[in-house]
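The sequence and structure come before the details.

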Amino acid sequence: MDKVLGWELKSSVDWEPVTINNILKGGIVEQWNTNNPEKMILVGDELLHVNKRHWLRNSTVFLSHLKFNYEHRDRLDGTFSIGLRRPRPVQERSDRSSARDALYKQTYSREFTAAFQLPEDDTSDKTMDDTMGWQLNVTKNWEPVTISKVMPGGALARWNEAHPEDAIVEGDEILHVNKRHWVRNSTLFLSHMRYNYEHRRNLTANGTLSLGLRRPRLVEEAHEQALRLSNVSQKIELALGYWNVFFPDEPINISNRRMGDAVQSLLLSRVAGAEDEAPAAAANDSSAVAAGDAPSPANGTDDDSDVIGASEDASEDEDQDP
């Protein structure tokens with residue numbers, strides 16, 4: 001019964017209820033919790049009845065009823081119904097755990113594992129940092145070891161090419177190497193990392209070095225922002241290329257003052273996360289253009305640069321379209 005349900009029960013004295021002492025992975029209780037998050041069974045819950053048999057302040061007798069109902073459940077329409085009671089300290093402990101989990105999810109976006117095959121003949125003359133192609137950073141001993149730089153040509157770069165969905169980025173934190181976990185002592189953890197690297201052929205099959213990584217949400221947001229900026233710059237470059245092909249007599253390049261100011265403003269606003277202020281700025285710019293005013297450059301000085309498609313005396317001709 002205990003193995004199938006995936007629980008461990010505890011009964012200290014007969015006049016106290018049978019208590020769930022542990023919930024094991026892969027059992028029916030864990031499956032119930034997954035499918036019924038609003039009615040989860042917790043460690044510390046007390047059993048009050050099984051089907052129609054109630055606990056009557058005699059846990060020895062109640063355990064025998066529990067086992068009997070489990071073994072003869074086919075004769076009872078396959079039903080195995082248990083009634084539970086939750087002490088308030090158990091609920092409060094669960095609430096605190098849920099709050100910690102929610103805070104953890106706000107702080108960190110994901111955890112994943114990366115396993116590297118490092119043949120001895122390819123890495124015998126290289127240090128761990130050279131082979132992995134990284135630079136590590138430890139600012140405080142009680143904070144995790146962080147990947148501060150990913151170098152081209154190393155094991156991390158090859159991993160990223162082969163696993164774009166699990167790419168390792170700068171800022172990822174290392175939580176374990178093989179079976180050695182970081183326990184809030186990064187100096188000790190670095191020694192474990194080097195030991196597992198140097199003795200990987202004796203510790204794992206095929207010299208595997210397995211890393212468990214955690215990504216802070218700020219790192220994830222910065223990575224996504226960098227990807228968006230890269231896409232924007234590629235689109236700008238593509239648009240300039242098309243323009244210069246079709247209008248070779250009026251080429252545009254980043255050195256044009258007005259174009260440079262526009263691109264710089266775009267990139268700075270993206271980096272600063274100023275998307276929310278964009279509508280107001282756009283409205284101000286449009287009203288200024290509607291009034292016939294030429295946009296001023298970012299530094300506030302008069303713009304004396306050439307404007308593509310307009311004559312130098314355009315501002316003096318009131319009948320000419322802006």
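## A buried ring pair

Rings of Phe, Tyr and Trp (its six-membered ring) count as a pair if their centres lie within 6.5 Å; planes under 30 degrees apart are stacked, over 60 edge-to-face, and the rest tilted. The pair links distant parts of the chain, with Phe116 in strand β6 and Trp159 in helix α7, 43 residues apart.

## Basis of the model

The model is predicted: local features need pLDDT of at least 70, side-chain atom pairs count only at pLDDT 80 or more, and totals for chains, interfaces and linings use all residues. Residues are numbered from 1 along each chain as its sequence is written, and side-chain values use heavy atoms, leaving out hydrogens and water.

## Nonpolar cores

A nonpolar core is a set of buried Ala, Val, Leu, Ile, Met, Phe, Trp, Tyr and Cys residues joined through side-chain atoms within 4.5 Å. The largest one has 25 residues, and Phe116, Met132, Trp134 and Ile168 have the most contacts inside it. Elements that each supply at least two of its residues include β6 (108–117), α7 (155–162) and β11 (208–216). Helix α8 gives the largest share, four residues.

Leaving aside residues up to four places away in sequence, Phe116 touches Met132, Ala155, Leu156, Trp159, Ile168, Gly207, Thr208, Leu209 and Leu211 (contact means heavy atoms within 4.5 Å). Another core, of 13 residues, lies apart from the largest one; Ile20, Val29, Val50 and Leu66 are among its members.

## Other ring contacts

The structure holds three aromatic pairs. One of them joins Tyr104 and Tyr108, also tilted, at 4.9 Å centre to centre and 40° between the planes. Tyr104 is partly exposed, with a relative accessible area of 32%.

Arg214 lies over the face of Tyr108, 3.8 Å from the ring centre. The charged end of Arg73 sits over the ring of Tyr70, at 4.3 Å from its centre. The criterion is NZ of Lys or CZ of Arg within 6 Å of the ring centre and within 35 degrees of the ring normal.

## Whole chain

The chain has twelve helices and eleven strands (DSSP runs, H or I of at least four residues and E of at least two, numbered from the N terminus). Of its 322 residues, 29% are buried.

How values were computed:
Buried < 20%, exposed > 50% of the residue type's maximum accessible area, 1.4 Å probe, protein only.
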